[in-house]
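Please open the model in a viewer and keep the selection panel at hand.

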Amino acid sequence: MNRTRLAETLAGVPKAHELFIGGRFVPAGSGRTIERTSPAHGVTVSTYAEAGAADLDAALEAARAAFDRGPWPSMTGAERSRLLHKVADLVEARLEVFATLDTLESGKPISQARGEMAGAVDIWRYAAGLARDLHGESYSTLGASKLGLVVREPIGVVSIITPWNFPFLIVSQKLPFALAAGCTAVVKPSEMTSGSTLLLGSVLAEAGLPEGVVNILSGYGAEVGAPMTTDPRVDMVSFTGSTRVGKAAMAAAAATLKKMSMELGGKNPQIVFPDADLDAALDAAVFGAYFNAGECCNAGSRLLVHRDIAGQFEAAFVERSKKVVIGDPLDPQTLVGALISPQHLALVEGHVAHARTDGADIALGGSRLDSEAGQFMAATVVAGALPSMAIARDEVFGPVATIMRFSSADEAVAIANGVDYGLSASVWSRDFDTAVGTAKRIRAGTVWTNTFMDGAAELPFGGFRQSGVGRELGRHAAADYTEEKTLHLHCGPRTAWWLPR
């Protein structure tokens, strides 16, 4: 660890963060704070105000008032669009600060964090365009005296709950679209990576967002997150996190029948056929397995390789995995940084140990790396796995790739679809029929062919089965934060009398 570089980096970013409620920063009513220790450096890098029940109440009241009585829902799409564009410009101007906060708090490499911020800016600009594109329908085919209109109205107050693995990118997949639709929001980032989301509050204020439209609380799930799913002042919940917590959130929201949008876990296959461009497939497989230290719902952690090339592919994959640079996330050359916490590192190691007990072969890695301060895990390859093993079915959320073999497209599809998840997948083949035909049969929200984890704001993202409910991004993303209202208009004398005349 370069301590001089760390000290210089810490000097360039805000360290203490207050809650953002009603358009201003305020301390927590409890007086408590949360200290965040860098998972890569072992030093305190951020201190957040810890929100409690009174703070949540104030935030919900502010969001409710801003929606029920404030100007934001009734502004024109052009007005909301201009403000969202301004937010994008301000974030872009401070990109390095936002990226550095996410790197220090999450352990992700700085080069990756910079890319995520650039992607987030693009999403804010895309959402700004959608603010002007929300529209309804008209029906003039109902008869001479009738006209039917279907209009869209913002759904109301939205609870937005985001995870620790992509702190700013994921809030940017939700919040700008809710704002584009005219909604107000209460946002709770993870208590481990709240810095960049709280910093967003200052950007929103500078851009001129009306008071109370967005409120941001750092705090814990039991006292803040859970009530955000049950409070009757909330009209919709947008949640990204584990499938386990997602199920609990959906059950809690059922009491008031709130609309739910959830992006949850994944166990995503990369299927490699013998005619694939193996050099490209190997590079994408290594990227898919280890990107963000594998702490990614979209991680391509299940490698399904045709038996005809399996030995060659496995050997090459192990050799390439050895070249992955793991280390200080502030070093621009680092590809994989630290895992989020000591507890999570132990959990990942436990998955690998269980795989060994089940009879799988740990071809590379399998344990933590020696470090003076951080939680680093070796790039790990589990070979000889069977589809029935836990390592091949459960989301590990670490830098662990599991390799399995298949003999036919039918078998590959059966293995791919044979888990509880259905978030994403990829298919590698130069043959059009094989690539597209296999992709069409996989039950997942996104299927790539001859690439992996590419994305664009224009393309919807979400999962099948236990990988989630609803979609983010894409041209309908703002519409997802609206309700449809039918206006049935009658023109001229009454034409259908109920009582005799």
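**The nonpolar cores**

Begin with Trp124, Leu175, Tyr290, Phe313 and Phe317, which touch the most other members of the 128-residue largest nonpolar core. Such a core is a set of buried Ala, Val, Leu, Ile, Met, Phe, Trp, Tyr and Cys residues joined through side-chain atoms within 4.5 Å; buried denotes under 20% relative accessible area, exposed over 50%, and partly exposed in between (1.4 Å probe, protein chains only). Helix α5 (residues 110-130) supplies the largest share of this core, 11 residues; helices are DSSP runs of H or I, at least four residues, numbered from the N terminus.

The model is predicted: local features need pLDDT of at least 70 and side-chain atom pairs pLDDT 80 or more, whereas totals for chains, interfaces and linings use all residues. Residues are numbered from 1 along each chain as its sequence is written, and side-chain values use heavy atoms, without hydrogens and water.

Next, select Leu175; its contacts (heavy atoms within 4.5 Å) include Trp124, Ile160 and Ala185, not counting residues up to four places away in sequence. A second, separate core of 24 residues includes Leu19 and Val186.

**Helices α4 and α5**

Now display α4 (residues 95-106) with α5: the axes, 8 Å apart, form an angle of about 125 degrees. Axes are lines fitted to C-alpha atoms over the stretch in contact, with angles from 0 to 180 degrees between N-to-C directions. Among the contacting residues are Phe98 of α4 and Met117 of α5.

**Alanine 346**

Finally, select alanine 346 in helix α13 (residues 342-358). Its relative accessibility is 38%, so alanine 346 counts as partly exposed.

Note on methods: Helices (H or I, at least four residues) and strands (E, at least two) are DSSP runs, numbered from the N terminus.
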